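Please look over the sequence and the 3D structure shown below. A short briefing on selected features comes after them.

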There are 2 protein chains.
Amino acid sequence: MADKQNEKKVTPRSEDFAGWYNDIILRAELADYSPVRGCIVFRPDGFAIWEALRDELDRRIKRTGARNAYFPLFIPQSFLQKEAQHVEGFAPEVAVVTHGGGKELEEPLIVRPTSETIINHMFAQWIHSHRDLPLMLNQWCNVVRWEMRTRLFLRTTEFLWQEGHTAHATRAEAERETLTMLEVYRTFIEEGLAVPLVFGRKSAAERFPGAEETYTVEGLMGDGRALQCGTSHFLGQNFAKAFEIRFLDEQNQMQFAWQTSWGVSTRLLGALVMVHGDDQGLRLPPEVASTQIAIVPIWRKPEERDQVLQAAANVFQALKAADLRVRVDEREGVTPGFKFNDWEMRGVPLRIEIGPRDVAAGEVVAARRDILGPAGKSRLAIGAVAERASALLDEIQRNLLKQARDSMVANTRQFIDYAALRVQMEGEGGGGLADIYWCGKAECETKIREETRATCRAIPLDQKVEVGRCIVCGESANERAYFAKAY
Amino acid sequence: MADKQNEKKVTPRSEDFAGWYNDIILRAELADYSPVRGCIVFRPDGFAIWEALRDELDRRIKRTGARNAYFPLFIPQSFLQKEAQHVEGFAPEVAVVTHGGGKELEEPLIVRPTSETIINHMFAQWIHSHRDLPLMLNQWCNVVRWEMRTRLFLRTTEFLWQEGHTAHATRAEAERETLTMLEVYRTFIEEGLAVPLVFGRKSAAERFPGAEETYTVEGLMGDGRALQCGTSHFLGQNFAKAFEIRFLDEQNQMQFAWQTSWGVSTRLLGALVMVHGDDQGLRLPPEVASTQIAIVPIWRKPEERDQVLQAAANVFQALKAADLRVRVDEREGVTPGFKFNDWEMRGVPLRIEIGPRDVAAGEVVAARRDILGPAGKSRLAIGAVAERASALLDEIQRNLLKQARDSMVANTRQFIDYAALRVQMEGEGGGGLADIYWCGKAECETKIREETRATCRAIPLDQKVEVGRCIVCGESANERAYFAKAY
């Protein structure tokens with residue numbers, strides 16, 4: 001199959017970003033379309049990235065004190081209706097189970113689009129006293145939202161995510177938790193996925209349905225469009241009032257709990273592709289790559305075969321012993337050049353080539369995925385291969401982040417002139433991040449959205465105390481905001 | 001809350017096994033009932049056991065060469081109908097999505113009760129040549145079966161499981177894979193969960209719908225009923241033919257693939273409770289206990305407090321550094337006796353008590369959950385606490401398996417007289433495992449089931465070459481089989 005797949009070149013990224021995106025996801029075998037509308041299949045090479053990402057984020061979430069739990073997939077329809085904004089936000093996009101066990105159900109069940117309602121119903125059973133707080137739970141699960149236009153990883157009817165739900169005794173503590181999790185996401189995505197971010201508050205129009213405040217981390221994709229990579233919501237007492245989550249405080253007074261929820265999803269896999277990928281295919285950060293190193297043994301004459309394969313096996317063992325994720329490509333009937341292209345397509349961060357002369361010299365050639373061609377090649381002594389390869393992987397991780405950050409900086413522009421903003425945002429592709437003064441009024445936001453298709457991505461938290469003029473209405477504005485066209 | 005919960009004693013196990021079972025699951029906070037019919041909530045202490053169990057089994061599955069993937073939650077209704085026995089087995093118990101995004105769907109979607117159909121649809125896209133085989137995938141996911149009578153962990157409308165699906169070039173290889181996975185389950189459940197098992201083939205009546213052969217591992221619960229703990233199915237070419245999974249073999253001939261599927265579910269949590277639990281509550285094997293050691297600091301006078309808490313903190317650090325899962329119980333306002341009972345209820349394998357005199361002696365008291373009272377207590381030097389506690393945990397793990405195995409042996413009986421079998425199986429509770437000669441005919445099996453409520457649990461693979469007489473019809477029988485009343 002590999003041969004056949006490589007017959008057709010991938011769509012070049014610069015020519016058709018969306019076509020390129022789909023091509024490399026399918027060709028690198030990260031995912032496939034399924035026969036169910038809007039649902040995709042996560043193939044092993046894609047799911048392994050999700051597993052690496054999930055395990056690392058899970059450790060970070062647990063370090064904050066949250067614990068994992070699991071709540072039902074189904075939500076009684078009446079639950080969704082208890083919080084007014086929530087039902088308005090989610091009712092149009094739910095999947096509904098009407099029959100079970102051969103009979104029509106008395107009350108239809110919603111396949112969870114998010115779990116605030118059912119989790120808060122349970123919180124109300126468990127929380128009675130300030131001693132029961134804080135209650136901090138997280139779940140990894142599948143959710144379903146009936147999307148009209150779907151796109152691999154970014155917007156699918158079913159997707160995988162984690163959703164954290166917490167309840168606290170005071171507003172201040174819940175607000176602190178909201179920002180703690182935003183910071184967990186920011187550091188995890190930058191360190192693990194090498195995806196640089198801007199972050200901040202959402203505008204009222206972009207808030208989670210039912211939240212008092214939504215915070216977001218946003219990445220900038222290779223085509224200049226923004227992607228929301230994770231959100232953390234301060235829910236105030238909205239759900240606590242709807243679900244009667246009350247507790248006796250230390251003064252024996254009945255209080256409603258203060259709450260948060262926060263999540264990231266499999267759309268992060270899309271961010272990885274769109275931030276790091278190039279015309280040769282994927283480029284995976286070593287931290288989350290399912291294969292970090294591919295070893296390609298090279299020989300021509302039959303008598304060379306054994307010694308080369310033996311050397312490859314030794315290098316494999318040395319790398320494996322150092323806890324690196326490594327594979328030996330022993331496929332026969334395909335050329336080394338074919339194998340190089342194939343591993344580049346699959347985004348493996350480091351390739352190790354071993355030929356007869358390398359064996360004789362006690363060395364191997366290491367080729368970096370982040371720097372193609374001779375500049376990214378170096379010779380490693382077989383005796384020190386694990387140590388040197390580990391160091392190279394660290395360097396690749398840092399360099400991918402640096403390359404992505406440079407690109408984000410180059411595509412972030414300050415505008416004071418609305419006409420210039422419009423020109424920048426015109427055309428089919430992205431337009432980068434626009435850093436502008438905005439008065440905060442919904443009319444001005446709507447005008448920008450309707451005329452430029454850019455939406456408010458994030459209002460940074462660390463505003464310098466300056467006052468400017470709203471790019472739309474010219475009135476005094478004391479906050480800057482990032483606007484961009486977004487996925 | 002802890003105080004209130006302890007006011008009411010749990011139902012004694014010997015008095016009402018089912019009542020005891022529910023009581024301790026709720027009291028130990030493993031799970032809770034949900035507002036959705038037949039669905040439960042996995043609370044953090046229960047879910048942590050599932051996570052420990054899942055992570056260890058996942059490692060063992062991956063070692064066999066299978067890789068994880070993820071397939072859609074929804075299955076087009078028409079897919080279920082492609083394999084005749086499969087649709088007959090599952091159609092009556094499915095949940096059906098009829099509406100999505102506010103509209104009625106053209107074709108209803110089934111919430112997966114198991115994923116053979118959708119996975120094999122994808123296999124048909126991916127498998128073309130013998131070089132694409134074997135294809136060995138596993139997924140951890142939720143599934144839904146509309147059960148009429150539900151019971152915490154054992155039978156719930158939604159449950160969590162892993163389902164492996166493999167395709168092979170030859171019958172022999174697929175048969176080998178089926179047995180390999182049976183052995184993975186057997187060793188994992190005995191070693192990790194300390195649950196002893198019998199294992200073997202299922203009778204035709206008990207086979208998975210669509211399988212040529214089903215193999216099973218079966219545990220014996222504390223009330224003398226059997227519980228199916230895992231199954232591995234040899235599917236032959238049934239699904240390959242239904243979904244047209246064909247490949248060119250090495251002779252360039254088109255062949256249908258040979259397949260297997262295999263799974264274990266969250267009902268294993270029920271097995272843990274029912275095999276190990278006692279009147280004091282849960283008893284968790286150290287391998288899967290979310291908390292392996294609870295440290296209870298004890299003091300009376302205020303001046304003792306600091307030194308005891310300091311010693312507890314030191315012991316905590318030493319245990320933590322040895323990678324043990326440990327907690328310090330610093331709750332105020334409850335007595336040490338209350339705390340002892342509470343940790344016993346929660347099944348924590350080892351309790352460490354530290355009082356002022358212990359601190360002075362440089363020692364702590366370790367109390368084993370598997371041996372209550374003075375016989376299970378020993379004094380450990382604080383300087384060697386991690387090493388000694390680790391050794392005790394290993395001993396507890398072995399002892400729980402031994403206790404369970406002794407109980408299983410004591411409750412396994414050979415019968416040659418059908419009347420004696422009937423007497424043994426009478427009454428509300430279990431009746432243990434009956435080891436009998438059975439001719440293999442469906443009539444005799446049906447008679448046993450209808451008259452004794454015992455079903456064929458497993459036909460052992462390692463039959464001694466002896467010939468006996470069927471316990472029902474008296475005809476010659478060359479196989480023994482385990483029959484039992486089952487969950």
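This is a predicted model: local features need pLDDT of at least 70, side-chain atom pairs count only at pLDDT 80 or more; totals for chains, interfaces and linings use all residues.

Residues are numbered from 1 along each chain as its sequence is written, chains are lettered from A and ligands numbered from 1 in the order in which they are written, and side-chain values use heavy atoms, with hydrogens and water left out.

**How the two chains are related**

- Two copies of a chain are related by a rotation about an axis and a shift along it.

**The interface**

- Chain A brings 56 residues to the contact and chain B brings 57 residues (contact means heavy atoms within 4.5 Å).
- The copies meet through the same surface, because 100% of the interface residues of chain A are also interface residues in chain B.
- About 4400 Å² is buried between chain A and chain B, and carbon and sulfur atoms give 65% of this area (the accessible area, with a 1.4 Å probe, that two parts lose on being put together, summed over both).
- Four salt bridges are found across the interface of chain A and chain B (a side-chain nitrogen of Lys or Arg within 4 Å of a carboxyl oxygen of Asp or Glu).
- A:Asp45 forms a salt bridge with B:Arg67, with the closest N and O atoms 2.9 Å apart.
- On the side of chain A that touches chain B, helix 3 (residues 44-63) of chain A gives the most, with seven residues (helices are DSSP runs of H or I with at least four residues, strands are runs of E with at least two, and both are numbered from the N terminus).

**Helix 2 of chain A**

- Helix 2 (residues 17-27) of chain A is largely enclosed by the rest of the structure, because eight of its eleven residues are buried (buried means under 20% relative accessible area, exposed over 50%, partly exposed in between, with a 1.4 Å probe and protein chains only).
- Among the buried residues of helix 2 of chain A are A:Phe17, A:Trp20 and A:Tyr21.
- A:Glu29 follows helix 2 of chain A and has a positive phi, near 60 degrees.

**Backbone features**

- A:Leu133 and A:Pro134 are joined by a cis peptide bond with omega of about -10 degrees.
- B:Leu133 and B:Pro134 are joined by a cis peptide bond with omega of about -5 degrees.
- B:Ala194 is not a glycine, yet has a positive phi of about 55 degrees.
- B:Ala194 lies in the loop between helix 7 (171-193) and strand 9 of chain B, and counts as buried at 0% relative accessibility.

**B:Glu212**

- B:Glu212 is in the loop between strand 9 (198-201) and strand 10 (213-220) of chain B, and is partly exposed, with a relative accessible area of 31%.
- Leaving aside neighbours within four places in sequence, B:Glu212 is in contact with residues including B:Arg171, B:Arg207 and B:Phe234.
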